[in-house]
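Subject: Structure handover

Hello,

My notes on it come after.

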Amino acid sequence: MATINANFLKLKAGYLFPEIGRRVKAYTEANPDKAARIIRCGIGDVTEALPPAIVKAMHEGVDELAHRETFHGYGPEQGYEFLRQAIVDNQFADLGISADEVFISDGSKCDTGNILDIFGKGNTIAITDPVYPVYVDTNVMAGNTGDADAKGAYEGLLYLPCNAENGFVADVPTEKADLIYLCFPNNPTGSVATRAQLEAWVAYAKANDAIILFDAAYEAFIQDPEIPHSIFEIEGAKDCCIEFRSFSKNGGFTGVRCAYVVIPKTVTGKTETGERIPLHQLWSRRHSTKFNGASYPVQKAAAAVFSEEGKAQVNELIEHYMGNAKLLIEAATAAGLQVFGGKNAPYVWVGCPKGLSSWDMFDKMLQEAQVVITPGSGFGSAGEGYFRISAFNSRANVEEVCNRLKALIA
Ligand code: MLT
């Protein structure tokens, strides 16, 4: 008899977003007359069309595949040089990162989950609370945790509470952690870490021989010029950090799929006997064994994000979504709610009206306003009492959401 990975049985019933989808479906089935009114601001999925420069490049990639002379079969597992070099030139030029330290993939969700393949057992893993659920669930699957308690916290994880007091930026802990997940701009709270806060984290990682897994999927939304976009802007980070980046939220690639991991060759982990091994070497081995590269037309399209036209068109998209975030902040504030985030991130993080839990608010918004939001508690127990509104939508939908929110709470 084939046995299973029993760690899966420790997971809470459903991944957050499918669970939201299930509830929305149940509501629409019970209230078919309301179905057309539903506006989805739950999952952070882009809504606007791919920028024309990106579409053009993808078409050209497909056309090349249509002719024997320009056809491409398997590409390099690490990604095409043209894309890795464009990434370095445009995003890491002054930071001492080279193109062979960039690994192209099909998404940051996969990358942040798969990275656990290269780490051993017994690491103390620090996770902010609230948090992007992928970091937690993949550690559960990998057997890095015990069971969840009644509040959903897994035994063995070091939770770093993020709250209004610390501006939703975790302080470095007094405990020793080996692996630390940081996400800035933050999903779900929309908070950003200052240079000084990131310096404190890098100093902590160096002092504790820890690795920071830095998820920068939302860096393109940073508006404040003082806020670092990359952890590698911090001195010493090249000794202890891995950065995850994505084309999903800037270029609108959630359905196209393309992302990358930056692993400087100077970042090392230890064997059980204390020998230091570059993580780059392990990830390279893992990537070339379990992955055959993102598709050629997709990598062509991703490279177009860095063309002059591509940059201008992506900027327009970011401005559009950040304009939405501004309206959502204003509406939630006008409704008398406590509002965080949304200034350097496409997520607005809102305190629930007094007396309502996160799921109460989810149900109220769905049933009384036909707006889908994400309950804060779905991101961890410290998210209880909050809800997240995604700014990824059309302007008309966001304006309508603002009106409905104000009418609902007034
Ligand atoms: C979210 O809504 O938190 C994101 O869409 C999740 C993701 O990017 O995978």
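This is a predicted model: local features need pLDDT of at least 70, side-chain atom pairs count only at pLDDT 80 or more; totals for chains, interfaces and linings use all residues.

Residues are numbered from 1 along each chain as its sequence is written.

Domains

The domain assignment of the protein chain gives domain 1 (10–49 + 309–409) and domain 2 (54–307); such bounds come from an automatic or database domain assignment. Taken over C-alpha atoms, the centres of domain 1 and domain 2 are 25 Å apart. In contact across the boundary are 34 residues of domain 1 and 41 residues of domain 2, where contact means that the C-beta atoms of two residues, placed from the backbone, lie within 7 Å. On the side of domain 1 that touches domain 2, α9 (308–334), β11 (339–341) and β12 (347–351) each supply at least two residues. Helices (H or I, at least four residues) and strands (E, at least two) are DSSP runs, numbered from the N terminus. The most comes from α9, with 7 residues. By class, this side of domain 1 has 16 nonpolar, 10 polar and 8 charged residues. Ala, Val, Leu, Ile, Met, Phe, Trp, Tyr, Cys and Pro count as nonpolar, Asp, Glu, Lys and Arg as charged, and the others, Gly among them, as polar.

Ligand

Around the ligand are Ile43, Gly44, Asp45, Lys109, Tyr132 and Asn187, a residue being near a molecule if its C-beta atom, placed from the backbone, lies within 6 Å of it. This shell divides into 2 nonpolar, 2 polar and 2 charged residues. The ligand lies between domain 1 and domain 2, because both give residues to the shell around it.

Sheet

Seen in strand order, β2-β8-β7-β6-β5-β3-β4 form an open sheet of 7 strands with mixed pairing; two strands pair if DSSP finds at least two bridges between them. At the edges are β2 and β4 (157–161), each of which pairs on one side only. From one strand to the next the twist averages 20 degrees. Strands β7 (residues 241–246) and β8 (residues 259–262) run antiparallel and are joined by 4 bridges, with Ser246 opposite Ala259 in β8. By contrast, β5 and β6 run parallel, with 5 bridges, and Ile180 stands opposite Ile212 in β6.

Strand β6 (residues 211–215) is largely enclosed by the rest of the structure, because 5 of its 5 residues are buried. Buried means 20 or more other C-beta atoms within 10 Å of a residue's own, exposed 12 or fewer, and partly exposed in between, with C-beta atoms placed from the backbone. Ile211, Leu213 and Asp215 are on one side of β6, and Ile212 and Phe214 on the other.

Helix α8 (residues 296–303) is mostly covered, with 6 of its 8 residues buried. Its buried residues are covered by elements including α2 (52–65), α3 (81–92) and β2 (102–105).

Pro130

Pro130 is in the loop between β3 and α5. It is buried, with 28 other C-beta atoms within 10 Å. Not counting residues up to four places away in sequence, Pro130 touches Cys162, Pro188, Thr189, Gly376, Phe379, Gly380, Ala382 and Gly383. Between Pro130 and Tyr159 there are 9.0 Å, C-alpha to C-alpha, and the two are 29 residues apart in sequence.

Regards

Key: Axes are lines fitted to C-alpha atoms, for helices over the stretch in contact, and angles run from 0 to 180 degrees between N-to-C directions.
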